[in-house]
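User: I'm new to this one. Could you walk me through its charged side chains?

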Amino acid sequence: MTKTITVHSADQTMAIGEKLSAYLAPQDLILLDGDLGAGKTTFTKGLAKGLGITRPIKSPTFTIIREYQDGRIPLYHMDVYRLEEGGGDDLGLEEYFNGDGVNVVEWSKFVADELPDDYLRIIFRRDDSEGDNVRTLTFEATGHRFEQLIDDIFSE
């Protein structure tokens, strides 16, 4: 199941992340893929806000995984872009995916072999022809839980 929406600002991107957070539970996996600078970390900031996380959210590009424990449930924010040559199996991703928090993975194609069967993938596309902040977000649900989640979010 897929759903595509267009946003016109970083604030709208954050608001969608914040809205999604209300539906999330431990072990949920959100994959954020798409263009550089298209809003993946901005989306995660909204998600964190909705989870009640007060610490600033920073891109985990150089640390690979950032953990935020101070919200309703923990948030594990991963940027695996630097694992383009492989190496995801050494990170212990399975422990995160089976753990107590929500998992957000940017650039998921670099750890595709490590991913569980059920997840929500959001593909971010920049549309610079429409303006600096216009983005298309495509939500792709894999598994019944995430299909229901998309129905719930977009039926409101």
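Analyst: Let's start with a term: buried means under 20% relative accessible area, exposed means over 50%, and partly exposed is in between (1.4 Å probe, protein chains only). This is a predicted model, where local features need pLDDT of at least 70, side-chain atom pairs count only at pLDDT 80 or more, and totals for chains, interfaces and linings use all residues. Residues are numbered from 1 along each chain as its sequence is written, and side-chain values use heavy atoms, leaving out hydrogens and water.

User: How many salt bridges are there by the rule?

Analyst: The rule asks for a side-chain nitrogen of Lys or Arg within 4 Å of a carboxyl oxygen of Asp or Glu. Going by that, the count is three.

User: Is R121 buried or exposed?

Analyst: R121 meets D33 in a salt bridge, 2.8 Å from N to O. R121 lies in strand β6 (residues 119-126) and D33 in strand β2, so the pair ties together parts 88 residues apart in sequence. With a relative accessible area of 19%, R121 is buried.

User: What is the distance between the closest N and O atoms of E18 and K49?

Analyst: E18 is in helix α1 (residues 10-21) and K49 in helix α2 (residues 40-50), so their link joins parts 31 residues apart in sequence. E18 is partly exposed, at 33%. Those closest atoms are apart by 3.9 Å.

Notes. Helix = DSSP H or I, 4+ residues; strand = E, 2+ residues; numbered from the N terminus.
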